[in-house]
Amino acid sequence: MSRRSRRGVVVALAVAGMVVPVLLAAAQYPTWWVWIAPEQVPMTWFQSVTLVVAGVMSLLAWYVAGIIGRGPRLGHSLLAVGFLALALDERFALHERVRDGILAPRDVRLPGLTWVAPGDFILILVALAGLLVLPLVVRSLGRDRWVRGLFVLGIGLSVVSVGTDSIDPSTWSVQAERVQQSLEECVELWAGLSYLAAVTLRLLGLVDRLAQRSAAEPVVAVGGPRDGAAHEPVDAPIGSPAREVDPEPVS
């Protein structure tokens, strides 16, 4: 895959990350936060689509890596499951429902995290679980600096997103909370797009290797030898004996 193609993928996703929040804010101006900050709005829908596509790309990378024997590939399957689970959570606000319906009414907290609202620690636990399997994921991503760099960028943005999301909203004013939640959603979107760029480049790199291996394989003659004659390659120059194919017998 050429450097130009790689740059095109990254630039296209970076532009999407800038354009989508601007369009959503402009569509609802002056209440610019309405389609960005709350749950189950167009912003979270776009985030869920990004994660679904990243999961599908990871699954395809797992499949292609298996075809060409390019291991390890366990990290690809972990990414596919993780991205698809996060997409479901983003689309249907699952952890928010658990927080507001079960944990928060019972004042469930994590010891020591005084700045976290009751029940608002689920994403922190998910992030810690992701860090535990990170070595397996990084091994599967190979040594491509573009892929690893974009993936590390996604991790950094995710840490920022989870950290800001864990702050108790009651400590903010209403206007400050709108700004904080909107920025947090933007950072979350940029993290998803970074992951999508990383797994897309990884998949395209594996497809390139598959194509190169297919091109390097020896050509197999069509059919078997006739009358004890040796096999001849099917890619011989036009006019050579290998190109002179006997006509099909007439019954």
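Good morning, colleagues. Please keep in mind throughout that this is a predicted model. I shall begin with the overall fold. The protein chain contains eight helices and zero strands. Read from the N terminus, its elements therefore run α-α-α-α-α-α-α-α. Of the 251 residues in the chain, 34% are buried. As for contacts between residues at least 6 apart in sequence, 65% of them join residues that are at least 24 apart.

Let us turn to helix H2, which covers residues 42–67. H2 has 26 residues, and the distance from its first C-alpha to its last is 38 Å, close to the 38 Å expected at 1.5 Å a residue. Which residues of H2 are buried? They are Met43, Thr44, Gln47, Ser48, Thr50, Leu51, Ala54, Gly55, Ser58, Ala61, Val64 and Ala65. These buried residues pack against three helices, namely H1 (3–27), H3 (74–92) and H8 (174–216). Just after H2 comes Gly69, with a positive phi of about 65 degrees.

I now move to the packing of H3. In general, two packed helices are described by the angle between their axes and the distance between the axes. For H3 and H8, the angle is about 150 degrees and the axes are 13 Å apart. Angles over 145 degrees count as roughly antiparallel, so H3 and H8 are roughly antiparallel to each other. The crossing of H3 past H8 is left-handed. Which residues make this contact? From H3 there are His76, Leu79, Phe83 and Glu90, and they meet Glu185, Glu188, Tyr195, Val199, Arg202 and Leu206 of H8. Sorted by class, the residues of this contact of H3 with H8 are five nonpolar, one polar and four charged.

H3 also meets helix H4, which spans residues 94–103. How do the axes of H3 and H4 cross? They come within 6 Å of each other, at an angle of roughly 60 degrees. H3 and H4 are therefore oblique to each other. On the H3 side of the contact are Leu88, Asp89 and Phe92, while H4 contributes Leu94, His95, Glu96 and Arg97. The contact of H3 with H4 divides into three nonpolar, one polar and three charged residues.

Most residues other than glycine have a negative phi, and most peptide bonds are trans.

The bond from Tyr29 to Pro30 is cis, with omega near 10 degrees. Pro30 is placed in the loop between H1 and H2.

Next is Gln40, which also lies in the loop between H1 and H2. Gln40 is not a glycine, yet its phi is positive, at about 55 degrees. Its relative accessibility is 41%, so Gln40 counts as partly exposed.

Is Ala93 buried or exposed? Its relative accessibility is 5%, and buried means under 20%, so Ala93 counts as buried.

To close, I return to H3: this helix is roughly antiparallel to H8 and oblique to H4. Thank you for your attention.

Definitions and conventions
Residues numbered from 1 in each chain as written. Predicted model: local features only at pLDDT ≥ 70, side-chain atom pairs only at ≥ 80, totals over all residues. Heavy atoms only, no water. Helix = DSSP H or I, 4+ residues; strand = E, 2+ residues; numbered from the N terminus. Expected span 1.5 Å × (residues − 1). Buried < 20%, exposed > 50% of the residue type's maximum accessible area, 1.4 Å probe, protein only. Contact = heavy atoms within 4.5 Å. Axes fitted to C-alpha atoms, helices over the stretch in contact; angles between N-to-C directions. Parallel < 35°, antiparallel > 145°, perpendicular 65-115°, else oblique. Left-handed = near helix turned anticlockwise from the far one by under 90°. Nonpolar A, V, L, I, M, F, W, Y, C, P; charged D, E, K, R; others polar.
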